[in-house]
Amino acid sequence: MTTLYLGFSWLSLQLSSPQKPQVIPILARIEVAKQRIYLEVPQTPEQEAQGLMYRTIIPRNRGILFEFNPPQAIEFSMQNILVPVDTIFLRNTEIQQIQIAVPTCNEVNCPTYSSKVKVDQMVQLQARRTLELGLKTGDRLPIEFLDLDTKTFR
């Protein structure tokens with residue numbers, strides 16, 4: 001099982017992080033229930049490690065996408081994540097599992113959460129947003145990526 005700590009370790013972040021949110025490029029989007037949600041896509045291991053840390057708000061039309069190649073069981077921690085999130089685990093665009101309102105953690109030893117199955121993508125949205133959108137296990141959630149040559153979604 002791969003562990004995605006969204007922050008390699010507490011110690012390394014405490015030594016190197018300015019403890020402020022990072023800017024991650026919006027490179028993808030999903031459309032569900034006639035609503036578009038734009039997804040930040042980490043481009044470096046450091047961006048992936050910090051993820052949504054230190055954010056005080058996640059807008060309703062925003063989220064973050066993590067990709068895994070090869071597909072794998074994912075374990076993650078909410079350490080230094082200041083707002084609860086919904087986590088959607090996908091395999092070949094099919095929702096395998098949804099965790100609603102995963103709680104924040106500002107301690108050294110935070111609990112971990114698992115996909116329990118192999119997935120190739122994980123999306124995190126504002127807490128309870130998946131309920132508003134009516135998403136459920138088995139639904140398809142195709143992700144459109146930004147075509148960097150034309151700067152449009154394909």
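Guide: Buried means under 20% relative accessible area, exposed over 50%, and partly exposed in between, using a 1.4 Å probe and protein chains only. This is a predicted model, where local features need pLDDT of at least 70, side-chain atom pairs count only at pLDDT 80 or more, and totals for chains, interfaces and linings use all residues. Residues are numbered from 1 along each chain as its sequence is written, and side-chain values use heavy atoms, with hydrogens and water left out.

Visitor: Why does Phe-89 count as buried?

Guide: Phe-89 has 0% relative accessibility, and the cut-off for buried is under 20%, so Phe-89 counts as buried.

Visitor: What makes Phe-76 and Phe-89 an aromatic pair, and why is the pair called tilted?

Guide: Rings of Phe, Tyr and Trp (its six-membered ring) pair if their centres lie within 6.5 Å; planes under 30 degrees apart are stacked, over 60 edge-to-face, and the rest tilted. Here the centres are 6.2 Å apart and the planes make 50°, so the pair is tilted.

Visitor: Which parts of the chain does this pair link?

Guide: Phe-76 sits in strand β4 (residues 62-77) and Phe-89 in strand β5 (residues 85-91), 13 residues apart. Strands (E, at least two residues) are DSSP runs, numbered from the N terminus, as are helices (H or I, at least four).

Visitor: Why is Lys-34 called exposed?

Guide: Lys-34 has 83% relative accessibility, and exposed means over 50%, so Lys-34 counts as exposed.
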